[in-house]
Structure formats: C-alpha cells, structure tokens
Amino acid sequence: MAFIRKRRLERELYSKERFSLLLLNLEEYYFEQHTANHIINKGCRDERKFRGSLKICSKSIIFEPDDNVQPIIKIPLRDCISIKAPEDNEASNPFTRDTSGGISVVCNQVFLIKERNIIAPYKTVRGRTEHLFQLDVAGKVGDVVQTLHQLYRASCLDKMGDQAAMITAILQSRLARTSFDKNRFQSISETLHMECKAEMVTPLVTNPGHVCVTDANLYFQPLNGYPKPVVQITLQNVRRIYKRRHGLMPLGLEVFCTENDLCSDIYLKFYNYQDRDELYFFIATYIENHITEHTAESYMLQWQRGHISNYQYLLHLNNLADRSCNDLSQYPVFPWIIADYSSSVLDLTKPETFRDLSKPIGALNKERLGRLLTRYQEMPEPKFMYGSHYSSPGYVLFYLVRVAPEYMLCLQNGKFDHADRMFNSLAETWKNCLDGATDFKELIPEFYESDSSFLVNNLKLDLGKRQGGKMVEDVELPPWASGPDDFLQKSQEALESQYVSEHLHEWIDIIFGYKQKGSEAVTAHNVFHPLTYEGGVDLNSIMDPNEKVALLTQILEFGQTPKQLFTTPHPRRIVPKLRSLSRTSSHAVSIAESPVSPNEESFEDLTEESITLAWNNIAKLKLEEQYKIHKEAITGIAVTCNGSSVFTTSQDSTLKMFSKESKTIQRSVSFSNMALSSCLILPGDTTVISSSWDNHIYFYSIAFGRQQDILMGHDDAVSKICWRDGCLYSASWDSTVKVWHCVLGETSSNKKHHFELLAELEHDVSVNTIDLNAANTLLASGTKEGTITVWDISTATVLHQLPCHSGTVFDVAFSPDSRHLLSAGEDCCFKVIDVQTGMLISSVTAEEPQRCFKWDGNTILSGSQSGELLIWDLLGGKVVERIKGHTGAVMSMWMNEQCNRVITGGEDKQIMFWKLQY
C-alpha cells in the first residue's frame, strides 16, 4: 500500500524527532534549525528551561523540545508583535544577565502540538505571551533575527500573492548562495553531468535544495539538511522515470527503482522545464538500453490478454496519467466496484452486486442527476455538472485519516473533520456518494490492497464523538465482511471478477479515456469544472500574482482530472470462458454441466495445450535440414496435410514440389516468365494455387501434374492469395483485393473452374499482403504506403483504416482469437491494432525490417532482412532469442497447426526445415 508504506518508512527514518514538514502550513518552507533553550519565566523563581531545536520556517517559528512530554511550540509569524535580540543598555531586559545568544519573540497566538507525543488537534493559546530562545551559537543571533524580520514582513503583506513572491525571493537568494556539496559523492571517480535547483515533493509539502546527477548517481541535497543530508538514487537501479505536471505546471519528475510499485523513490519539482527536461533526457538515455518504456497501449495489450490484473492495469494507467502518491491533489483514483453493503453474503455472480461502471458516480442516481442537469442547463459558461471532484486531497485523507492523521491536521489547519463527517461506515459513505448533493468521490488503491490498517484506529486517535454519543473508532464494515482483512480480500475478488473484467473498460473511458472531455463527456454526464482539466488554465498567462496564488490554491484543494490517455473507445478485456475460470472458482461448473467427462480431455483442449507448450518453447527451434531448390528468392511455401510434399514459389517464376522423404525436387512448373508471389494448397491436397506478377492466378493439379486453370482477375501483379470456405481472396498491386466464389471443375474431364466475383475491396495504392480472421468475417490488408485496413467481408465495408507504417507493409496477421492484428513493415516496426476499436495499441521497433512472421498473440517468430529468425516478447517489446538462419532476407514462412514445425524460404534461394526440440 503506497501511502501507508511511505508513512511507515518516514516514521522509521524520523523516529527520533517529532518534528516533520507536516507541521508547516501548505506552501511553507523550512529554512534552518538551531540548537537552543526555550526559557520560560526568565528571572523569576519558577524559571524553567527546555532544551531543543529552533526551526526557522517561511511563515512560522517552531520549537521542538527534546523532552517528548513537552509540546512542540508553533508561532505564526503573522501573529508576532516583536522579534528582537536584547540590547546591552536594556537593563530591565531579562536577557541582559548571562544570556548571550538570546532572541525574544512576543506574539498574541501560539499553537501547542504533540503534547506528551500524542497526535491530536493543535491546542491554541491566545493572548500576549513572550518566548525567549537562547541559541547555543550566540554569533548567529544577528543573522537569525534579520531572517525572521524579513519573513515577518512577508507574512504581514495583505495579499497572498505578494507574500508568496517575497518568500520565493528569499528562498532563491538562499539557494543561489549555496551549491551541492561534492564531498557527498559516493565515489571520487564520479563525473558531474549537471546541477540545478529543485524541490523534493512529498504529500502536502515540498523541500527545496540542490539536484546533482553524475554518470552513476542522482542526488538531492535539501537546503535545510532535513530529513537527511543527501538523498541518493543509483542510476543503475532506476526502472521507470516520468515527467509530471505539478501545480498545473510541467515541472515535475518522478523516479522509480521498482517495476510495479506506485510509490516512487523520489519526486522532484524544478523551477523551470529546461532543467527538468535535461535531467529526464539524461536518465532516460542512461536506462533505455536495458529498460523497456511502457505506454498506455502496451499495458492495455497486457491487460487484454490477461497478463496483468485489473488492479495492476489501473495502477499503471494512474501512473501514466500523472497520478502519484506524492501528490494528494493527483492521488491514484480507483472505482467503487461493489454496490451491496447490506447483504450477509457477497454474491459476485449477480450483476446487481456491482456498481454500473459505465457511469460516473454523479450519474448513478437518476433523481440527483436530474437536479444536476437542470442546474447545468441554466448555468452560464463555463458550465459544469458537478461542484466537487471525484478525487481531491480531502477525499484521500478522508479515507486514510486513521493511518495518516498528521496529514489531515496539516490540510485542515491543525483540526480533524467533524466526527459525523468522518469515514465511519462503508455503507454510509456509499449511500452518501449515491444521494449526497455534493459527494461524487471514487475510491483509492488501498481498498484493493492487503493492508487493512486504514480501516482500524490502531493509533487510538481521539477523532471525536458523533451525534449519538458514539466515539469514532474503526470503520464499520458491511455484514458480508468478517473483518478488515476479509473486507479487502472480497474487494480484491470483486475487482478481479468476471463482471468487472467485462465492464472495466467503460470506467476507463470515463476517467482516462474519450468520455473525459468534449461532447462525449457531456453525453456521459461527466463534466467537471474546466479548471480541473489539464490545459484548463495557463498560469503563465496570469500576471497578477494574487490571482495566480488564489487560483492555484483553489484547484489543488478541489482536485484534478487525470491526464487523458485514450481518445477512442477502450477495447474490452478478453475474458476467458467459464471453464477456464475454475482456478479461482473450483465449483463454478459442475461435472454434469461440463461437456468433458472428468477423466478425459477433449481433442481441442489437447491441441490448445500442445500449441501453448510449443509457443512457450519456441526459442528451442533447431535447424533440421536445408536445401537450395530455386534460382531466385523463395516467395511462398505450402505443405500437404501429411507433410510429405512441400510446394514453393519463387521470383525465378517456378512452382516446385519438394519431397521431404526423398529430399528431392519432384516437380518444377513454370506458368510464365514472371515471378510467382505466393502459393496455397486447397483442401484435399489435389490442387495448388499460385499467384503471379503477370496479373494472373494459376491452378495446378497435383494428381495429374498439369495446369488446370487460369484466373485473369487483376490489372497488375497479384501479391498474395488466401483461401477459405470455397472463396479465393486475391490482393494486387492494382490497388484492389478481390473475393471470388470458386466452383472447382473435375480434373479428369478437363472441366474448367467457375469463378464468380463476390466483392472488390478498393484501396488508394498497391496492396502487398492480406490475412483473414479465424471466423472468416474480417480481412486485413497492408499496402505499399504503410496503411492497414480492416474490412467486414460480409458487407465489403471498411471497419478501420490506420496509417501504421512508413513504407511497405510486408506481413499482416490476426491473433488466433482475432482480437488483435499484428503487422510488420519496411520501417522496422511491428504494430498491434485492437480489432474491436481500431486503436493502435502497441508499437515495437526492430533493428532491421522483419519480412514475415507467425505469432500466437503474445510471442512473435519473425524472419528478418538479414536472415535471422527472431523470437519476440511482444508485451515486453524485446527480442528474447536470435537464431541464425538464411544468408539473405527471410521471405516466407510456414508453420504447422501444432506450431512445432517451421519451414522458411529465403532470398538465398534455400528452404530450411526447423523443428522444436524440448
């Protein structure tokens, strides 16, 4: 659990002191600290002296006594009446006798914090009081008093913008007078790359200092030395790095040394985007050789195919959308999933158990939505439907107050919320989200993790008494949960359930996708205040500093909408059949309902298992034998059902029949003097069809060893042919794909075939390759200019058209489940398209063009321009194995149904036989 884990690490790190940056006001800086004594009733009989640390902050003076029983004292500078060091001629001043190094602070209000080391609302002491602080180093009194006078003048300015400007000037002056201490380098051999000023960001607070990056490490040295003199990140450990939008400005940078954790190792905010971008580029360049950069589309592909869970996918999307556990105004947002908080048993098989994921929280209650829409229609521009957001710092801490009480006190000026407005009950909170006039909040990741401490008042906090007299203690759970851990376990099961897997894409459309903005957002009743959206306001265009500070404060407290990741409908998840879900629900299907007897598996299941086994071991392909059988490059390969005969076409214009058993060429046929481009064998192994650059398609009888027929169907070279269910599909450089219904003639009677043109799919440029999906309902085509088109065969209409590649598309193929389409191009890229939505969801770049391939939806076996066979982990976007093959480009590839045998044809005129060896 990111937030809670971070809090525990902080407590371990700072366990020796009670002070933390959370004692400061929002947007306040901690400058320096001095060891000192706090003297009470100086010169009187009951004089008392407390040793501790005096902290100088931009808006307050804080004294932390060493004695934990004594409260921390916080004096707001705006409430000070005088701050001075005693003069030698002031005989009546209590500092005149043996009190060198003294500072007198007179104020009319002071806050007492953590008395007896108990986390509780701050106590306010009003009325004129004098506080005397004696510094250990007397020589620093003058500088400290001068600094306090400067900060006091800033705090007394009427307007917040003027205050912020003066404090910023003081801060920048301090940073300019200091630099990174190079003695902090881990090694004397390190080479400095860059140094700049920045602030380290943690929830609700930032800490200024110096950033330094070398050839080995990233360093941050806080100006105040807190919480430690230097923070160091080893570049070799960095796994991910993201540019962030912080305070509505593109100034943030977050660095992760883990692959799947929401909690980063450091979050930095820079003072200009040039420094941020330079550091980002340096680190990204450093890690790019051994770390794969993941995009929303690549994670989408992993999620669709079941390689990552719903929870993991949402974490990654939040990360990519600028959500960070270090920024409570952009904290990761998760959906309410469960809608039943009253039943004694949670039934995850009933749709009514779940919240409607196609609607935002504000649209779930029709009655409330009607009132909101009426107000929306009457509202002047800029219009918005909801007066509060679904994620804000207040909402995050509403859920986490029991484990992060100091954050709530920081956000709310030293107070907890009213007891009746606390997170008291799951059922109450859900009901209020459905019915409340201004409550539209979603959940946070902690509800789907394993640490339930945020539901329990383990710290024994006094969070107040409710109207009925009941104290606020643990969160009241629904009847179906036996305890906090059980509640989280069932919440996790609900998030990963079949219903949610089938509908989560609808919620993603609303929060991260195409329904987030514009007319689709209006239709989906998903319109928030325009200032909450990225680009909703340009702070640089606001000249008035007071207006800028007020606007920034308003937005940061209100909450921000995530960065939009998708602009087209998000694809559905590929949800496995009920039978395959038996891992999580062993009693989901009874024996009587199952079509397979308990003691046997279907042939289909055995085939699927063998195919899966083959692809899992595809890197173990071994070359069995190779033969040079043509005079030019081999363009097509077809094999008879029993595997005994291999037919190949070549640019040498011949069709050859090679016997696997005798290892000899048994037939060699030339239809014309033009190159042949592809071949296939019709069911029954009686006829071979070849396509030619002479615009024709040739039918050859295997049994009678002669040409049966010619289809003169195109006006330019025929580049690729496919056969399915009595239909021939031919692609041509004449910019068409034609669909033919074929009635085959009888070879013995010389009766010709009958060809009927069913459809002509017109393109703008030459078509180089085609493929059909398993159901024979879709056809994909790739052109010489890089365009991929998906056609509905039944209506001969375009479903999707994307300019995927720069240059020729060499090969294209649907995944076995027809959910995705993979293409390889002259531009050295693989592209993956979601067939349902037409969205380009992944792009992988190779070192050289890949001319042909086979794939199972996750792994690719490709033939490269140089002749190697490459095995790709598509989800990881990397080559996992290289197999030496041809001496020229691999031009064609055949794979058997069990996926354990492969034949390749090359530019080197050879065919190579490959076999998996487990």
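In the predicted model, ring pairs join Trp336, Tyr341, Phe398, Tyr399, Phe423, Trp430, Phe447, Phe454, Trp480 and Phe487 into a cluster. The structure contains 37 aromatic pairs. One of them, formed by Tyr399 and Phe423, is edge-to-face, with 5.3 Å centre to centre and 90° between the planes. This pair links distant parts of the chain, 24 residues apart: Tyr399 belongs to helix α8 (residues 393-400), whereas Phe423 lies in the loop between α9 (405-411) and α10 (426-435). Tyr399 and Phe423 are both buried. For Phe447 and Phe454, the ring centres are 5.1 Å apart and the planes stand at 70°; because plane angles over 60 degrees count as edge-to-face, this pair is also assigned to that class. Phe447 has a relative accessibility of 1% and therefore counts as buried. Phe454, with a relative accessible area of 0%, is buried as well.

Charged side chains are also placed over aromatic rings. The charged end of Lys441 sits over the ring of Phe398, a member of the cluster, at 4.5 Å from the ring centre. The charged end of Arg851 sits over the ring of Phe810, 4.1 Å from its centre.

Helix packing was examined for α2 (residues 141-155) and α3 (residues 160-176), whose axes are 8 Å apart and form an angle of about 155°. Since angles over 145 degrees count as roughly antiparallel, α2 and α3 are described as roughly antiparallel to each other. The contact brings Thr147, Gln150, Leu151, Arg153, Ala154 and Ser155 of α2 against Gln163, Met166, Ile167, Ile170 and Arg174 of α3. Of the residues in this contact, five are nonpolar, four polar and two charged.

Note on methods
Residues numbered from 1 in each chain as written. Predicted model: local features only at pLDDT ≥ 70, side-chain atom pairs only at ≥ 80, totals over all residues. Heavy atoms only, no water. Axes fitted to C-alpha atoms, helices over the stretch in contact; angles between N-to-C directions. Helix = DSSP H or I, 4+ residues; strand = E, 2+ residues; numbered from the N terminus. Parallel < 35°, antiparallel > 145°, perpendicular 65-115°, else oblique. Contact = heavy atoms within 4.5 Å. Nonpolar A, V, L, I, M, F, W, Y, C, P; charged D, E, K, R; others polar. Phe/Tyr/Trp six-rings, centres within 6.5 Å; stacked < 30°, edge-to-face > 60°. Buried < 20%, exposed > 50% of the residue type's maximum accessible area, 1.4 Å probe, protein only. Lys NZ or Arg CZ within 6 Å of the ring centre and 35° of its normal.
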